[in-house]
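This briefing is meant to be read beside the sequence and the 3D view. It goes through the structure by topic.

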Amino acid sequence: MIIRFTRKRTVSFLILGLLCLVIGMGSFLAYDFEGVKRVFYVFFVISAFLNTLFYLTQYFNQYLTLKNNFIKQNFPFGKKINLSEIKEIKRFAGDYQLKTDLTTLTINTTIIAEDSLKKLTVVLEELNLVWT
């Protein structure tokens, strides 16, 4: 099961990337460059590339993956924990904190799509643990 980012979050990276690309390329083509101005406009092109990369990363590798009794954050250094090792589930400031003996996985619920949040809550409730 895949826990998805909100559509608003992913599309905002795409829109920001396209906006930076339009500003950067438009400035690149419209103006004669001198020293510092060139760096400023190149910054927009690099920003466009990075924001588009963030969009593609979040679109294809969503927030969380629940597979084979494991929950994994899909970040470069994201945590992976076994659902059977979870000792405590804590709700704190709208987030879920899944605690094991060795690690704590914090799930930011504000960036999860509504339907995915419902699925995640159902899976966590099936663990029959005390929520604090």
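The points below cover the nonpolar core, the residues around it, the surface patch and some loop positions.

The model is predicted. Its largest nonpolar core has 20 residues, and a separate topic is a nonpolar patch on the surface with about 1000 Å² of accessible area. Individual residues are then placed by element, accessibility and contacts.

**Nonpolar core**

- Within the largest nonpolar core, which has 20 residues, Ile71, Leu98, Ile107 and Leu120 touch the most other members.
- Two or more residues of this core come from each of β2 (64-67), β6, β7 (104-108) and α3 (114-125).
- The element that gives the most to this core is α3, with four residues.
- Beyond its neighbours within four places in sequence, isoleucine 107 is in contact with Tyr63, Leu64, Ile71, Asp95, Tyr96, Leu98, Ile112 and Leu120.

- Tyrosine 96 sits in strand β6, which runs over residues 95-99.
- Tyrosine 96 has a relative accessible area of 8%, so it is classed as buried, the limit for that class being under 20%.
- Leaving out residues up to four places away in sequence, tyrosine 96 touches Lys90, Arg91, Leu105, Thr106, Ile107, Thr109, Leu117, Leu120, Thr121, Leu124 and Trp131.
- The side chains of tyrosine 96 and threonine 121 are joined by a polar contact of 3.2 Å.
- From C-alpha to C-alpha, tyrosine 96 and asparagine 108 are 6.8 Å apart, with a separation of twelve residues in sequence.
- Threonine 109 is located in the loop between β7 and α3.
- Threonine 109 is also buried, because its relative accessible area is 14%.
- Apart from residues up to four places away in sequence, threonine 109 touches Gly94, Asp95, Tyr96 and Leu117.

- The nonpolar patch on the surface consists of Leu18, Leu21, Met25, Phe28, Leu29, Val42, Ile46, Phe49, Leu50, Leu53 and Phe54.
- Helices α1 (7-30) and α2 each provide at least two residues of this patch.
- The largest share of the patch comes from α2, with six residues.
- Methionine 25, one of the patch residues, belongs to helix α1.
- Methionine 25 has a relative accessibility of 37%, and it therefore counts as partly exposed.
- Helix α2, where asparagine 51 lies, spans residues 36-60.
- With residues up to four places away in sequence set aside, asparagine 51 touches Phe13, Leu16, Gly17 and Cys20.

**Strand β1**

- Isoleucine 2 lies in strand β1, made up of residues 2-3.
- Isoleucine 2 is partly exposed, because its relative accessibility is 44%.
- The C-alpha atoms of isoleucine 2 and glutamine 62 are separated by 6.9 Å, although these residues are 60 residues apart along the chain.
- Isoleucine 2 touches Gln62, Leu64 and Ser116, again without counting residues up to four places away in sequence.

**Exposed positions outside helices and strands**

- Proline 76 is in the loop between β3 (70-73) and β4 (80-82).
- Proline 76 counts as exposed because its relative accessibility is 78%, with over 50% as the limit for that class.
- Between the C-alpha atoms of proline 76 and phenylalanine 60 there are 13 Å, and the two residues are 16 residues apart along the chain.
- Asparagine 68 is not a glycine, yet its phi is positive, at about 50 degrees.
- Asparagine 128 is found in the segment after α3.
- Asparagine 128 has a relative accessible area of 69% and is therefore exposed.
- For asparagine 128, also not a glycine, phi is positive at about 55 degrees.

Notes
Residues numbered from 1 in each chain as written. Predicted model: local features only at pLDDT ≥ 70, side-chain atom pairs only at ≥ 80, totals over all residues. Heavy atoms only, no water. Contact = heavy atoms within 4.5 Å. Buried < 20%, exposed > 50% of the residue type's maximum accessible area, 1.4 Å probe, protein only. Polar contact = N/O pair within 3.5 Å; in protein donor to acceptor, adjacent residues only side chain to side chain. Patch = residues over 30% accessible without salt bridge, like charges linked within 9 Å, V, L, I, M, F, W, Y side chains within 5 Å. Areas by Shrake-Rupley, 256 points an atom, 1.4 Å probe, with all protein chains shown as cover. Salt bridge = Lys/Arg side-chain N within 4 Å of Asp/Glu carboxyl O. Core = buried A, V, L, I, M, F, W, Y, C linked by side-chain atoms within 4.5 Å.
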